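Open your viewer and keep the sequence panel beside it.

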Amino acid sequence: MPHRLPAPAAVARRLATAVAVVALSGCDFQAPVDIDLPTYDPLLVVGGFLEAGAPIEVRFGESLPAESGATTGTPWLGPGVLAVLYDPIGQVLDTLVYRPPDPGGIYPRYTSEVVAEPGESYELRATAPGLPSVRASARVPLPVPVTVRSVGLRDIAGVTYESVEAVWTDPEGPTTYALSSRATDERSVNRLRPFVSADPSLREGYSGLGRPREVRPEEGAGPRGYSRAAYLTDEGFDGEVRTVTILFDRQRRNGIGDDVSICLSVLSDEMVRYMRALEVQRSTASDPFVQPTEAYTNVEGGLGAFAGYATSCRDLSL
Amino acid sequence: MRFVRLLLLSASAFLSVSSGQAQEGARGLREITGYVLERSTDEPLVGASVYVPATSEGSATSAYGRFVLTTRASDSTRVLVSFVGYRPLALSVRELAVLAPDARGEVRVRLDRDSLGLGEVAVSSRRSAALVGGIPAIQMAEAERLPSILGEVDPVRVQQLLPGVSGGVEGTSGLHVRGGSPDQTLLLLDGATVYNASHLFGFFSTFNPAAVKSVDLIRGGVPARYGGRLASVLDVRTREGGGRRTSGEASVGLASAHARVEGPIGAAGEGSRTAYAVTARATYAGLIARAFQSRDEWADYGFGDANAKVSFSPTSRDRLYLSVYGGRDAFDTFTSMSGFTERGRLAWGNLTGTLRWTRPVGRAAFVEGAVIASRYALAVSTESRDPALRDPSITSYRSGLADLGVQFSVEAPLRAGPARLFRVGVEAARRQYRLGEGVAQGPNTPPVETRATPLSAWEGAAYAEVEVHPVPALQTTVGVRTSAFVSGETFASVEPRLAARLRAASGLSLTASLSGGVQYVHLLANSGLGLPTDLWLPSTDRVSPERGLSATVGAEFSRRRWTASAEVYGRRMDGLIDYRDGAGFFNTAAGDWESQVAQGEGRAYGLEALLRYDGDRTTGWVGYTLARSERQFDALNDGEWFPYRYDRTHDVAAVLVRRVGRVDLSATWVYATGDALTLPIGRGPAFEVVPGGFGYGADDPSDEIEVYSGRGAFRAPAMHRLDLSATFNRTVGKTERALTLGLYNAYNRSNPLYLALRREYEFVAVEGGSGEVTRVPRGARLYKFGFLPTLPALSYRVRF
């Protein structure tokens with residue numbers, strides 16, 4: 001014997017629809033919540049990246065409590081920071097000089113005439129009114145010379161690429177590299193020149209270091225793109241001659257010319273860890289379900305990084 | 001094979017001893033074997049109690065409704081047979097021994113359904129159903145009377161009302177048992193492992209309530225026959241189909257509808273050898289939602305599942321069961337703007353199959369073998385179209401795993417000293433892991449593929465357990481389980497299992513258990529939401545198995561209709577995995593999952609208390625858990641211990657069910673300490689350089705680093721909620737009808753799904769009267785984002 005619904009199906013359907021709409025419409029509600037965050041004492045934030053062969057320049061900022069309404073970009077530090085550069089045995093090398101922010105910039109710069117020498121170590125000690133004093137050490141790595149050569153055109157899925165080989169001899173010991181390219185022609189000088197590569201040792205990096213990813217050799221079938229730099233470690237070719245092939249799209253240059261400078265940077269471990277943490281924080285900032293990443297710092301008593309890197313570049317006309 | 005042969009020989013030796021015994025032994029012991037069945041359908045009842053109060057001897061029915069009662073009671077002594085949701089039956093030992101026996105002398109006890117409370121008679125008998133951890137799982141008959149989300153009874157989520165069992169994200173069906181994560185609970189559907197037991201992002205489980213016959217939740221003292229998980233076991237058995245007539249049920253609710261048909265195949269009636277049960281369920285919430293969305297932007301959600309089971313007896317002793325489950329979810333999105341379109345699909349599904357063979361051997365022994373398969377698959381895809389380009393941009397991702405295994409076990413009574421029953425078994429399974437394959441292709445560009453190398457592994461186990469009664473008042477189960485896992489690297493483990501119950505005085509029982517466990521598979525979970533993107537991973541040379549040791553001590557006192565129990569537990573865990581800071585699904589999906597995870601240890605301990613009343617018309621309980629669950633990973637939180645995200649210091653569940661006339665009224669109230677959260681406490685400028693001669697990047701004041709508290713250093717506001725339900729029952733002839741109305745979260749508590757710090761700004765006019773405005777920061781405030789407000793529940797069910 002068939003069993004029927006107690007009410008006509010149409011009525012039941014309308015009722016179910018109405019109730020479902022009410023239910024679904026309420027599935028997102030938010031409200032302020034009071035949780036006592038601990039007192040946060042502001043710290044001096046250091047941005048000190050020492051490029052081999054270039055005068056040392058450091059930027060300073062101040063951290064704030066998370067709930068503060070001020071922007072960390074407020075240049076209230078002004079010339080108030082006393083920053084002194086030391087050598088490894090504690091002798092003063094120089095006192096950094098305050099420079100106003102770049103045009104359009106907001107952070108004060110502190111510069112020195114001391115040039116960061118490859119293989120040398122430096123210590124920074126700094127104080128600012130109302131903030132704990134900080135100290136940090138950095139060693140500038142030795143650059144690794146790179147040679148580049150064009151090896152012709154390649155068609156991949158209907159797109160023509162200019163194929164370029166970058167070759168270098170990796171020194172003994174673990175090394176992290178950044179491989180980048182910038183335009184050098186007059187129209188687009190110093191602009192990033194994107195490239196792609198199928199080399200399995202290159203690590204993913206969309207805007208910065210990205211999160212490391214081990215790519216197994218058999219997976220290197222297709223090229224992936226790098227808008228800023230490709231990152232790689234020497235795992236698998238430590239102490240050997242390494243050749244990496246990168247491809248430049250000749251058809252979609254976005255206004256960037258064909259004169260490029262291809263650079264291989266050796267990054268210190270502190271710089272890698274700082275930039276990696278920064279990148280992970282950025283990429284997961286909007287995901288409430290990902291465990292947050294603590295910002296890396298090698299600055300005692302403060303935040304930020306004081307770290308060295310060394311770059312070797314070669315120019316090429318595509 | 002040699003091991004199996006030895007096992008069979010050993011078993012045969014035991015069986016010959018057992019079967020050679022007279023039914024009544026020299027010391028006055030007698031064995032009564034038989035089945036407990038539902039009267040109207042002859043459906044075997046799993047976990048029913050057969051109990052002799054005078055001697056405190058008892059037995060619980062197996063997955064086939066079978067019991068072996070070994071008793072020294074005299075013929076006239078009273079035996080109680082009971083099961084939740086059924087009218088208990090009291091009869092003498094003599095009556096039981098001759099109750100509808102078959103050719104082998106195995107008896108048949110049939111119970112009538114009874115939607116009322118258990119009553120005093122059954123209270124004491126149900127205690128024997130579980131040897132230890134005396135709080136049995138909530139069965140479907142009880143669950144149907146309790147409030148539910150949108151009227152959809154969920155056999156898994158309802159277990160969160162038990163002490164020691166908590167949910168993670170509110171409303172989801174994941175089980176966090178005694179401080180363990182959801183993956184540490186072994187979910188079995190007719191013996192097959194279910195890897196992702198969630199529909200609708202975890203708000204419904206894959207277990208169709210209409211298909212479920214029994215639920216057994218083992219929270220401590222896990223028997224040796226179960227393995228592979230650290231915390232607990234949820235063993236769900238589906239209906240087999242009636243032996244006498246075709247029957248079924250149909251139900252419609254706000255979110256879904258389901259139907260079941262079952263019955264004999266061929267000649268119906270007593271002794272019908274072939275039976276079937278088919279159940280199907282589908283949701284229409286997505287279709288309804290579509291009607292209220294625009295053509296240019298919509299989201300659609302659908303899920304469905306089906307269970308089918310056929311059982312038949314090729315001989316008078318042998319019985320075969322074929323059980324199949326298939327379920328699938330699909331979440332589709334579409335956006336269109338100015339000719340640009342984007343489609344997305346997230347789809348996942350489980351498929352399980354079990355072919356099982358059973359055979360009684362000798363007088364009371366029982367042999368069982370099975371071939372079991374389980375498969376889980378996830379697929380994510382997007383397609384974007386630019387009207388100016390011929391080809392679309394496409395991304396796709398797939399992952400999953402598949403198991404194929406065999407099991408064999410023997411169970412038989414023993415008369416060796418105080419030993420009463422032994423059970424031995426072997427298992428082997430091949431597991432294949434598809435750890436993520438992604439393809440991305442833009443217009444006019446070649447596809448970029450990422451693929452984590454698929455892995456396969458072998459897992460094998462052998463176990464033995466013996467029930468020993470040193471004295472009548474003391475029942476113990478002693479077992480050992482050995483297992484091995486081969487996935488390039490080989491892991492092996494020996495796990496002790498011990499459980500004991502001492503009936504110390506009238507109504508008072510003391511329990512204790514010790515249970516070692518090893519878990520060779522890990523669940524890498526983003527959120528605890530039970531998202532389909534959670535990834536099951538094998539142990540490898542870089543990721544070791546999870547190992548744990550649990551112990552419990554408890555006491556239980558029952559008097560008339562009241563039962564009070566308390567249990568203390570502790571567990572150590574090692575080899576736990578978690579994402580490294582900042583890692584997430586989309587990194588893992590890119591290939592190298594091993595570098596994305598950190599391994600560490602954990603500890604969980606707590607006190608559980610329960611006060612329960614089982615009246616004729618009123619049933620209810622209050623459960624309370626005081627607990628702590630912590631983790632320590634060298635790579636996380638500076639190596640310091642931190643609370644597990646779903647650590648619940650206090651967890652309370654109060655349940656009240658009252659029958660008024662033909663109406664079941666019920667209310668549940670739950671309270672739980674909030675999640676342990678990591679929150680930002682400071683922020684600063686994010687300085688960086690671009691290597692390659694670019695120097696410092698441009699100053700960007702909005703680009704900041706965040707400084708966080710220690711992991712889990714903050715507590716979200718507590719979660720609490722009141723749910724109400726009223727079920728109007730009506731029986732016409734053989735047809736039962738039930739209309740359920742209810743409210744979920746009756747007082748509209750905004751329980752937080754997550755917390756986030758939100759910057760607040762004020763727009764002020766720029767000085768000079770130009771009319772321009774600028775955004776001025778005014779601070780930041782912590783917000784909680786709730787998810788489930790007051791929701792109505794409505795369902796109508798017909799059972800015939």
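The stops below run from the model as a whole to single residues in both chains.

**Before you start**

This is a predicted model, where local features need pLDDT of at least 70, side-chain atom pairs count only at pLDDT 80 or more, and totals for chains, interfaces and linings use all residues. Residues are numbered from 1 along each chain as its sequence is written, chains are lettered from A and ligands numbered from 1 in the order in which they are written, and side-chain values use heavy atoms, with hydrogens and water left out.

**Stop 1: colour by confidence**

The chain B average is 83, and 86% of its residues score at least 70. Now select residues 1-26 of chain B: pLDDT stays under 50 there, and the model has 31 contacts for this stretch beyond four places in sequence (a contact means heavy atoms within 4.5 Å). Residues 127-133 of chain B also stay under 50, with 29 such contacts. For the complex, the predictor gives an ipTM of 0.79 and a pTM of 0.78.

**Stop 2: a sheet with strands from both chains**

Helices (H or I, at least four residues) and strands (E, at least two) are DSSP runs, numbered from the N terminus. Two strands pair if DSSP finds at least two bridges between them. Show β4(A), β40(B) and β43(B): in that order they form an open sheet with antiparallel pairing. β4 (64-65) of chain A and β43 (704-708) of chain B stand at the edges with a single partner strand each, so one side of each has no neighbour in the sheet. Zoom in on β4(A) and β40 (residues 680-685) of chain B, which are joined by two bridges. Here A:Leu64 stands opposite B:Arg683.

**Stop 3**

Select A:Arg109, in strand β8 (residues 109-115) of chain A. Is this residue buried or exposed? A:Arg109 counts as buried because its relative accessibility is 18%; buried means under 20% relative accessible area, exposed over 50%, and partly exposed in between (1.4 Å probe, protein chains only). Leaving out residues up to four places away in sequence, its contacts include A:Glu57, A:Tyr98 and A:Asp102.

Move on to A:Tyr110, also in β8 of chain A. A:Tyr110 counts as buried too, at 1% relative accessibility. Among the residues A:Tyr110 touches are A:Phe60, A:Gly78, A:Leu96 and A:Tyr98. Ring pairs link A:Tyr110 with A:Phe60 and A:Tyr98 into a cluster. Rings of Phe, Tyr and Trp (its six-membered ring) pair if their centres lie within 6.5 Å; planes under 30 degrees apart count as stacked, over 60 as edge-to-face and the rest as tilted. Over all chains there are 18 aromatic pairs.

**Stop 4: β30 of chain B**

Which way do the side chains of β30 (residues 521-524) of chain B point? B:Val521 and B:Leu523 point one way, B:His522 and B:Leu524 the other, and all are buried. β30(B) pairs with β31 (residues 535-538) of chain B in the antiparallel sense over four bridges, and B:Leu524 stands opposite B:Leu535.

**Stop 5: a charge over a ring**

Finish at B:Arg631, whose charged end sits over the ring of B:Tyr644, 4.2 Å from its centre. This label needs NZ of Lys or CZ of Arg within 6 Å of the ring centre and within 35 degrees of the ring normal. B:Arg319 lies over the face of B:Tyr321, at 5.7 Å from the ring centre.

Notes:
pLDDT is the predictor's confidence in each residue, from 0 to 100.
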